[in-house]
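Please read this report with the sequence and the model side by side. It is meant for someone meeting the structure for the first time.

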Amino acid sequence: MSRKIVIDPLTRVEGHGKVTIRMDDDHRVVGTRLHIVEFRGFERFVQGRPLWEAIVLVQRLCGICPVSHHLCAAKAMDVVMGVPSDALTATGDKMRRLMHYGQVFQSHVLHFFHLASPDLLFGMESDPAHRNIVGVIDAFPEIGRKAVLMRKFGQEVIRVTAGKKIHGTGAIPGGINKHLTGEERDALLVGTADFNADRMVEWAQEGLALFKDYQRAHTALIDGFAAFPSNYLSLVRADGAMDLYHGGLRAVDSDGATIFDHVDYQHYADYIAEETRSWTYMKFPFIRSLGREKGWYRVGPLARLNTCDFIPTPLAQAEFEIYKAYSKGRPDGMSMHMHWARLIEALHAAEVIRDLLKDPDLLAGDLVKTGTRRGEGVGVIEAPRGTLFHHYQVDDNDLVTMCNLMVSTTSNNEAMNRAVGWVADHVISGHADVTEGMLNQVEVAIRAYDPCLSCATHALGRMPLHIRLEDTNGDLISEIVRTPE
Amino acid sequence: MMPSLSPGERLLIYGIGNVGRQDDGLGVRFVEHLERLGPPAHVTLEANYQLAPEDALQLADHDVVLFVDATVAPDAPAPYVIAPVLPASEISFSSHALSMGSLLALCTRLYGRAPRAYAMALPAYSFEVNAELSEGARGNLEQAMRDAWPACAGTGQEDASTGRHRIAR
């Protein structure tokens with residue numbers, strides 16, 4: 001009798017994730033699937049809403065990166081209001097950038113500290129009783145103390161630019177609705193001994209060094225785990241630099257050859273299509289010119305370091321050069337190097353924040369620009385997890401008539417499925433007893449992509465992990481449930 | 001077990017959830033209501049989609065924390081139930097959210113102290129993309145707000161044996 005392993009965290013919003021691994025009578029894996037029930041109802045929810053309200057409402061999509069949705073929607077509505085997002089006032093542009101890099105910084109810190117570091121510091125098959133954030137604090141209290149302050153710093157950057165920690169209103173069509181005050185700037189730039197922009201740069205370097213040390217000590221594991229080639233997509237600046245806020249779309253293949261470059265994202269649909277499959281509501285985007293089979297791609301930190309030519313801050317650039325030298329200048333397909341790339345980006349974000357805080361345009365200057373209104377706009381931003389698309393059509397009464405969102409977890413759907421398949425084939429297949437450590441490696445592969453699995457709804461009583469062993473008829477063989485407390 | 005405050009103690013009320021997903025936002029609605037009424041100086045109000053590690057900083061500055069969240073537990077009594085929360089170390093399935101127990105454990109490990117903690121769980125019934133609460137959830141919330149406010153304002157029932165104000169029903 002063949003059997004099926006299902007890892008099913010009963011979660012929420014765009015975030016219901018489940019892993020199914022089907023095994024035959026000899027315990028050989030014969031198929032794997034990662035189901036992430038992407039949340040689509042939100043697009044209908046936004047229809048009929050005023051365009052200014054949509055910019056605020058979309059933050060309810062995701063409790064992890066609401067700022068990315070806020071800014072992406074604002075960028076789309078900039079276009080509707082006749083103001084290209086690269087033509088905002090200096091104050092509008094820099095305040096938004098500060099908000100965005102604050103979001104990226106705190107998000108990357110959360111991922112590394114909360115989700116990745118337990119596996120890296122203790123090992124993927126270590127005792128789960130301490131393979132968690134509390135275990136990290138027990139064993140490495142100084143890392144935990146710094147990570148909490150780094151998170152807090154990023155949240156404060158968001159609060160002073162967006163107006164609030166959650167449900168911010170800072171970005172508006174054509175610009176921003178506030179300046180930074182001198183007090184707000186000083187609290188971040190100078191702050192206290194352990195809470196200032198320079199300290200964040202320093203600690204970001206320490207986090208990166210931690211990963212690099214681990215990678216050197218466990219090279220085979222980190223480099224070989226769920227490694228596979230793919231295409232890569234991100235925004236890049238006009239000169240090829242990494243730019244997480246704005247740019248043109250660039251896609252490269254697994255050899256680094258350009259597929260398209262500096263594409264105006266208003267025309268993204270000419271270059272990217274979305275495929276549906278019968279077993280999941282989540283779509284599978286692909287590059288049109290390569291077709292459905294060969295056109296899938298990855299987004300996020302790994303992709304961004306594979307597409308950009310350089311990073312425009314000195315410390316992150318130095319690390320980028322080390323990273324590129326390691327992969328011999330070729331695109332890096334190693335899933336676990338996503339952590340490496342993410343930490344280089346965290347360092348870059350810290351440098352950008354520090355430099356922006358010194359810019360007088362944050363404190364004074366025009367906030368909003370206006371132009372000739374049109375009925376449609378696309379916004380694209382490099383969210384922490386990857387390229388995020390917002391597309392709206394608006395009627396003459398400023399009401400949204402169409403909304404299409406393509407989130408980064410969707411773009412990484414195929415890659416995450418392949419990563420799960422890699423673990424199933426290389427770690428689980430052939431074993432009669434599937435251990436917790438083996439299943440954790442499935443999660444490690446998924447975690448590398450930092451998908452939003454539990455973002456925006458949070459009711460008590462939902463179980464974080466549900467493993468079902470089923471036969472081919474779907475009948476239950478055995479079941480393991482991890483309860484929250 | 002009923003939470004109670006001694007004179008001079010600081011209370012943090014932390015609402016959790018997403019008001020864009022109907023009843024999931026019960027905890028945030030609760031806090032928003034108290035904000036409109038204007039809490040006394042010893043009460044801090046906070047709300048977010050979910051708990052995160054940096055919340056440990058705020059917890060460490062308070063004597064008591066009341067987490068307020070929706071619940072889908074089938075045996076949760078309406079209109080709400082309050083239960084103590086203890087520090088706990090847990091595994092999560094690739095979730096960005098921290099549990100209440102993990103946050104308390106984090107707070108204790110980092111700062112050597114954690115507040116007495118309680119969870120107010122309000123039964124929730126509907127999680128569609130809609131800002132409107134279901135009828136049942138609205139009733140639960142209204143009762144919880146009626147009960148909580150007097151204690152927050154310092155006029156709650158006083159326990160004769162301890163002289164402490166009771167926060168909840």
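**Confidence**

The structure is a predicted model, and in chain A the pLDDT averages 87, with 88% of the residues scoring at least 70. Some stretches of chain A call for caution: over residues 7–15 the pLDDT stays under 50, and the model has 54 contacts for them beyond four places in sequence.

**Chain B**

Chain B has 4 helices and 7 strands, which follow one another along the sequence in the pattern β-β-α-β-α-β-β-α-β-α-β. Of the 169 residues of chain B, 57% count as buried. When contacts in chain B between residues at least 6 apart in sequence are considered, 74% of them join residues at least 24 apart.

| Residue | Relative accessible area | State |
|---|---|---|
| Gln155(A) | 9% | buried |
| Gln441(A) | 7% | buried |
| Pro53(B) | 0% | buried |

Gln155(A) belongs to helix α6 of chain A, which covers residues 141–162. Leaving aside residues up to four places away in sequence, Gln155(A) touches Gln106(A) and Lys165(A), and also Glu54(B) from chain B.

Gln441(A) sits in helix α16 of chain A, residues 436–447. Which residues does Gln441(A) touch, not counting those up to four places away in sequence? They are Met124(A), Glu125(A), Phe225(A), Val423(A) and Val427(A). With Glu125(A), the separation in sequence is 316 residues, while the C-alpha atoms of Gln441(A) and Glu125(A) are 7.8 Å apart in space.

Pro53(B) is part of the loop between β3 and α2 (55–59) of chain B. Because its relative accessible area is 0%, Pro53(B) counts as buried. Beyond residues up to four places away in sequence, Pro53(B) touches Leu110(A), Phe113(A), Ile133(A) and Val148(A) of chain A, together with Leu98(B), Leu103(B) and Leu106(B) of chain B. Pro53(B) and Leu106(B) are 53 residues apart in sequence, yet their C-alpha atoms are 7.5 Å apart.

**The second largest pocket**

The second largest pocket has a volume of about 430 Å³. It is lined by 18 residues, of which Lys164(A), Ile166(A), His167(A), Glu32(B) and Glu35(B) are the closest to its centre. At least two lining residues each are supplied by α2 (51–57) of chain A and by α1 (26–37) and β3 (43–48) of chain B. The largest share of the lining, 5 residues, is that of α1(B). By kind, the lining of this pocket divides into 8 nonpolar, 2 polar and 8 charged residues.

**Cysteines**

How many disulfides does a search of the whole structure find? Over all chains the count is 0. Cys308(A) is accordingly in no disulfide, and the nearest cysteine sulfur, belonging to Cys72(A), is 20 Å away. Cys308(A) counts as buried because its relative accessible area is 6%. Cys65(A) also counts as buried, at 6% relative accessibility.

Methods:
Residues are numbered from 1 along each chain as its sequence is written. Chains are lettered from A and ligands numbered from 1 in the order in which they are written. This is a predicted model: local features need pLDDT of at least 70, side-chain atom pairs count only at pLDDT 80 or more; totals for chains, interfaces and linings use all residues. Side-chain values use heavy atoms; hydrogens and water are left out. On a 1 Å grid over the protein atoms alone, a cavity is a set of points where a 1.4 Å probe fits but cannot get out, and a pocket is an open set with protein on both sides within 12 Å along at least five of seven lines; lining residues have an atom within 4 Å of a point. Grid points are joined across faces, edges and corners, and a volume is the space filled by probe spheres set on the points. Ala, Val, Leu, Ile, Met, Phe, Trp, Tyr, Cys and Pro count as nonpolar, Asp, Glu, Lys and Arg as charged, and the others, Gly among them, as polar. A disulfide is a pair of cysteine sulfur atoms within 2.5 Å. Buried means under 20% relative accessible area, exposed over 50%, partly exposed in between (1.4 Å probe, protein chains only). pLDDT is the predictor's confidence in each residue, from 0 to 100. Contact means heavy atoms within 4.5 Å.
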